[in-house]
Amino acid sequence: MSITILKRIALSLNLRALALGAQASCLPRLFRAARSLQTGCLRSQHLRSQHLRSRLAVLLLLLSLFSATAFAQSTNSQPSRPTAAEVRAEFLHAWNGYKKFAWGHDDLKPLSKTYHDWYPEPLLMTPVDALDTMILMGLKDEAATTKDYIVRNLSFDKNISVQNFEITIRLLGGLLSSYQMTGDERLLALAEDLGNRLLPVFDSPTGMPYRFINLKTGAVRDPNSNPAETGTLLIEFGTLSKLTGKRVFYDKPKRALVETYKRRSPIGLVGDKINVETGKWLSTDSHISGAIDSYYEYLLKCWLLFDDQDCRQMWLDSIASINKYLPQEIDRGVSRRMKRELWYGHADMNTGKRTATAYGALDAFFPAVLVMSGDLPRAERLQESSFKMWQLHGIEPEEINYETLQVTYPGYPLRPEIVESTYYLYHYTTRGPRALGLLASRASRAQRGLHDANFYLQMGEQLFRDFVRHCRTEAGYAALKSVVTREQADSMQSFVFAETFKYFYLLFSPPRTLDFDRVIFNTEAHPIRRTWK
């Protein structure tokens, strides 16, 4: 390379930097190019000119100044990072809409400004789901008023048939969590009354629960269920057992969990439809998405919450099979393995053969479970894929084909799972690798492609800004019929208060807001503390 050519390159770099007007996105690349050029000069037999080296040094200095200016301009032009107070304000915006247009009912319909009840009589889904979030946010007066309304008006003596799974995770979980936070025995009494009314649901030939039960008569129906509904009950009923001293509340959901596990295939996978009377699988499609997802979550969490060694072994057996048959790496022209996209797809439970390359909003809970189990590298890679799915349209669809990146189900019902995983990863990366039993130093973390805590704060910032931008309405927050068209739907389910706002709030709050290591969140984000011995 001649000195003339080198000068032209240097001049070109310098002019490009000036012409870019200090654009932060381009300057780091120019800076690296100039640095590489300087290194080349020092190594070249023909380019030991002190004059040229000086010119390049000046160029690097100029680029550094431009970069600093650009970064400052970029920072000043962007909105500041969301704060816990900002999340709380948005929570109150949605809550006040509920109070104004749907008070005493299950959910707000934010577009028509009316209400929706799940059943012929309301069960106060939104107030119960929202109460522990209010307490965490320090909304003392609002929480006190809501709690008083719940204990005075919530009754389960109703001749209605309800879905056991949803009532358990939302109402039983919410009542127990709020009881632990407030010490109000009336909340525990409501939880025990509900637990007693739900117990007949387990009276199937296999011990796995029916899907629906009448709260007054105990009549059950619908034996065709799935692992999520048969195996996502032990945190709530088990906690009720520990707090009341009644063993039956632990034994029945524990048996249901074990019976689901016992019917796994020879390669260790479960399907997504099962008959609780015969114990026969109705679908052999295996995955980590809806209808299976929280079954796996509760194997791990019940081990940690109750120190249940059966759950420990069931989790260890299950995660080995999950990680053997469900992951798939997608190489979009990237050579390094750690940079290839990691997704979890569908497979036949008996053969392990790939059946679908589908991944969606419900699957996005799994990075949280992975990191909680100690698998930080895999959790971070899967979280990057979840975030890629979010970025395709500025908010996540219900499901995509991860091979083609085409949306297969375009709705967004205000789901929290990707925010949940962002919060978990932020927590564990803040604590460092030793908290996970990883002996890696910061250097080895970088070599393995892992991120620091600030990475997840930045991710959470984009999630929150997009969430507000696309879903906020005059009366609250609305689901989206399509993330492609951004058309809103007239729905705001109670989990937006229990989960979505809660995880956003905790992500941007000081760690003292909630002692993460002393609670286990149920699948509706109700934090349960191990207050028993």
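Helix H10 (residues 234-244) is largely enclosed by the rest of the structure, because eight of its 11 residues are buried; here buried means under 20% relative accessible area, exposed over 50% and partly exposed in between, with a 1.4 Å probe and protein chains only. Helices are DSSP runs of H or I with at least four residues, and strands are runs of E with at least two, both numbered from the N terminus. The model is a predicted one, in which local features need pLDDT of at least 70 and side-chain atom pairs count only at pLDDT 80 or more, whereas totals for chains, interfaces and linings use all residues. Residues are numbered from 1 along each chain as its sequence is written, and side-chain values use heavy atoms, with hydrogens and water left out.

The buried residues of H10 are Leu 234, Ile 235, Glu 236, Phe 237, Gly 238, Thr 239, Leu 240 and Ser 241. Just after H10, Gly 245 adopts a positive phi of about 80°. The charged end of Lys 242 sits over the ring of Tyr 250, at 5.2 Å from its centre; the criterion is NZ of Lys or CZ of Arg within 6 Å of the ring centre and within 35 degrees of the ring normal. Arg 221 likewise lies over the face of Phe 212, 4.1 Å from the ring centre.

The structure holds 35 aromatic pairs, defined for rings of Phe, Tyr and Trp (its six-membered ring) with centres within 6.5 Å; planes under 30 degrees apart count as stacked, over 60 as edge-to-face and the rest as tilted. The rings of Tyr 98 and Trp 103 have centres 5.9 Å apart and planes at 65°, so this pair is edge-to-face. Tyr 98 is buried, with a relative accessible area of 0%, whereas Trp 103 is partly exposed at 29%. The pair formed by Phe 516 and Phe 521 is tilted, because the planes are at 55°, with the ring centres 6.4 Å apart; both residues are buried. One aromatic cluster includes Trp 95, Tyr 98, Trp 103, Tyr 149 and Tyr 477.

Thr 146, in helix H6 (residues 140-153), is buried at 0% relative accessibility. Cys 471 belongs to helix H18 (residues 453-471) and is buried, with a relative accessible area of 0%. The C-alpha atoms of Cys 471 and Met 492, 21 residues apart along the chain, are separated by 9.8 Å.

The largest pocket has a volume of about 510 Å³. Of its 26 lining residues, Phe 165, Glu 166, Asp 293, Leu 362 and Arg 415 are the closest to its centre. On a 1 Å grid over the protein atoms alone, a pocket is an open set of points with protein on both sides within 12 Å along at least five of seven lines, and lining residues have an atom within 4 Å of a point. The lining comprises nine nonpolar, six polar and 11 charged residues. Helices H7 (164-182), H9 (227-231), H12 (293-306), H16 (417-431) and H19 (495-507) each supply at least two lining residues, and the largest share, four residues, comes from H7.

Conventions: On a 1 Å grid over the protein atoms alone, a cavity is a set of points where a 1.4 Å probe fits but cannot get out, and a pocket is an open set with protein on both sides within 12 Å along at least five of seven lines; lining residues have an atom within 4 Å of a point. Grid points are joined across faces, edges and corners, and a volume is the space filled by probe spheres set on the points. Ala, Val, Leu, Ile, Met, Phe, Trp, Tyr, Cys and Pro count as nonpolar, Asp, Glu, Lys and Arg as charged, and the others, Gly among them, as polar.
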